[in-house]
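Open your viewer and keep the sequence beside it. This tour goes chain by chain, then to the place where the chains touch.

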Amino acid sequence: MRLRTLVWREIFERKNQLATSFLAIFLGVTAIVAIKNITFYSEKAVARELDALGANILVLPKSATVQDYYSADMQEETIPEAYVTQLSMSDLQGLDNLSPKLSVPVGLMGRRVILTGILPKCEFQAKAMWEGAGIFTRPDEGCGDITDVPDVFKPPVKETLVRQRVIDNLETDEALVGADVEALLGVEEGDSLDLLGRTFKVSAALPQTGTVDDSRVFVHLHTVQEMTDQGAVINAIEIVGCCQEISAGLVEKINKMLPDAKVITVTQVVDTQVKTNHMMASLSTVFLVIIVLVGGASIANYMYANVFERRREIGTLMALGAGSSVILRMFLLKGLLLGLVGGVGGYVLGTVLAVTFGPRLAGIVVMPMPGLVLWAVGLSVGIALVASCLPARNAARLDPCATFQEL
Amino acid sequence: MLRMEGVSKSYHHRTSPVTALRDANIEMNRGDYVSIVGPSGSGKSTLLLMLGGMLSPTGGRVYVDGRSLYDMTPNERAAFRKKNVGFVFQTFNLVPYLTAVENVQVPLFLAGTDEATQRDHASSLLGRVGLGDRLDHKPSELSVGQQQRVALARVLANDPGIILADEPTGNLDPETGRQVIEFFDELNKEGRTIVIVTHDPRAAERAKTTLRLVNGTVLNGKAESGRAEHA
């Protein structure tokens, strides 16, 4: 005979009465685990979709307008390429990707296309690592980051240009062509292109985006600068910034750093991401509050009823020499067991539901999140123990003689 | 050994004051066998609970081996009961979801005895009360007489010097009641102090001393009828 034997036997003796409060905590944890699981992958999916919409911060020359940018950023004025280095070397939080561009109109096979110079990510990284500072030496911000999502979310290497506005590598004689260029001119991967007297090898054809990018031919930035004799200048810097940081004043900080440039936020993109994240967070919070209130109230109610029902038994134990601490532990242990089983069970069922119904309900792939088990058990045990505290204390303080009706 | 000095107990029932016990002065020695008789509501059970450290008096003091019981903390009194006092109840008060042997193990568990010893000792006690073949029966699977015998085995688990019984034969048929009374005789012969509250004249007559209570007042503290008269 141990304390846990007493508690365990009592639970099984009156399991029907326990069922309601167990179900409250079990289903509550199930719901919140399922929501948290789906929410996590939904946020990732939304971030991924928003990435496809392009950059959310633009750094343009002072006189340029957003209209200039959307008409292929071919405004006359330029800004120094050094701005890119300045940003990448800064300690600004929330800069996920930087993409400097220099665009010029060119003729290709009798048609007018836009030749856009871009700088591959490897060149930023090399410089930043050489200098030992900057955005590439900081931990990943996580906003819009989709690298930890299962393989289905990983875009092909060259397509990162479409989604994340950067590509990792681009040789000086390589070119990427937009979907319209591919379709209209019949250019395919591996073909050669003659542009402004230089020959480029097509390393990839990009997927359709519905933007001006479809009419572009992308080559290395420094090659375009060299071909057009413009020097180390660019038309625009596209930035995929962390939406939370943008809300917290990232644009103002960039403005301060680059006073001779115009910094613009693509507000719809930012707002959508921020609103989505807020909505998901609010949904989780609402369910958290509901489970704390309903689960806690249900367990407390059950425990109070259980103490009342077991007054005679408590009095008998006291008559046999049980101190108040034994009675207190007896009820808290019961709460602990209730919380443990509810938490683990809720995690398992919640995860199964999320993985099974996530793809059907939200159209996303949902994977189990083992880290949630600690969270679920902690929450469940916490609620059960807090809800059991007062009833347990009341039991421990019972007047033993008042518990015997016949006396 | 057990002494009450000017003990009284009163409480309020709704707005009316009720005196359950007034100015009780009692002295019992080790090995005494005392019955407490009186009409219902006369304060018998109140007195028994006070002797067991379960109910604090409004006035006066209760001494056990020279120690004032109600100057101890509640947990000290619980420890005192665990070591020295065994209670027998009219309705047995067995824990319904535990088997007979587990019920007897409860006081041993509270005393910190290891599990193997608990089981062995509890089994032998149940054997002593004739329930060696009912170890794993739950109270609901036992007759009332058998349940009272489990309760008696439980009382003996921690080998208490004082046994306090409240109407131990009240719910039993005459034959089973007689067996229980004989069991108390046996325990008294072992040197234990027995205090028994009863309406049963046969049980009262077996005691060496009978205390009569009327309206909360102890009418006599002297032996009225010795067992020798009935032997």
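Two residues are in contact if their C-beta atoms, placed from the backbone, lie within 7 Å. Keep that cut-off in mind. The model is predicted.

**Stop one: chain A.** Select chain A and colour by secondary structure. You will find 14 helices and 11 strands. Now think about its contacts with a separation of 6 or more. What share of them comes from residues 24 or more positions apart? These residues account for 83% of such contacts in chain A. Next, consider burial. Of the 407 residues in chain A, 41% are buried.

**Stop two: where A touches B.** Show both chains. Here 21 residues of chain A are in contact with 28 residues of chain B. Stay on the chain A side. Select residues 3-13, 311-319 and 324-362 of chain A: these are α1, α12 and α13, the elements that each give two or more residues to this side. Which of them gives the most? Pick α12(A), with 5 residues. Then colour this side of chain A by residue type. Its residues divide into 10 nonpolar, 4 polar and 7 charged.

**Stop three: a hairpin in chain B.** Select residues 2-13 and 16-28 of chain B. They are strands β1 and β2, which run antiparallel and are joined by 9 bridges. Zoom in on B:R3. Its bridge partner in β2(B) is B:E27. Now go to the turn. The hairpin has 2 residues between the strands. Click on B:R14: this residue takes a positive phi near 55 degrees.

**Last look.** Return to the strands and follow the side chains. In a regular strand they alternate between the two faces of the sheet.

How values were computed
Residues are numbered from 1 along each chain as its sequence is written. Chains are lettered from A and ligands numbered from 1 in the order in which they are written. This is a predicted model: local features need pLDDT of at least 70, side-chain atom pairs count only at pLDDT 80 or more; totals for chains, interfaces and linings use all residues. Helices (H or I, at least four residues) and strands (E, at least two) are DSSP runs, numbered from the N terminus. Ala, Val, Leu, Ile, Met, Phe, Trp, Tyr, Cys and Pro count as nonpolar, Asp, Glu, Lys and Arg as charged, and the others, Gly among them, as polar. Two strands pair if DSSP finds at least two bridges between them. A residue is buried if 20 or more other C-beta atoms lie within 10 Å of its own, exposed if 12 or fewer, and partly exposed in between; C-beta atoms are placed from the backbone.
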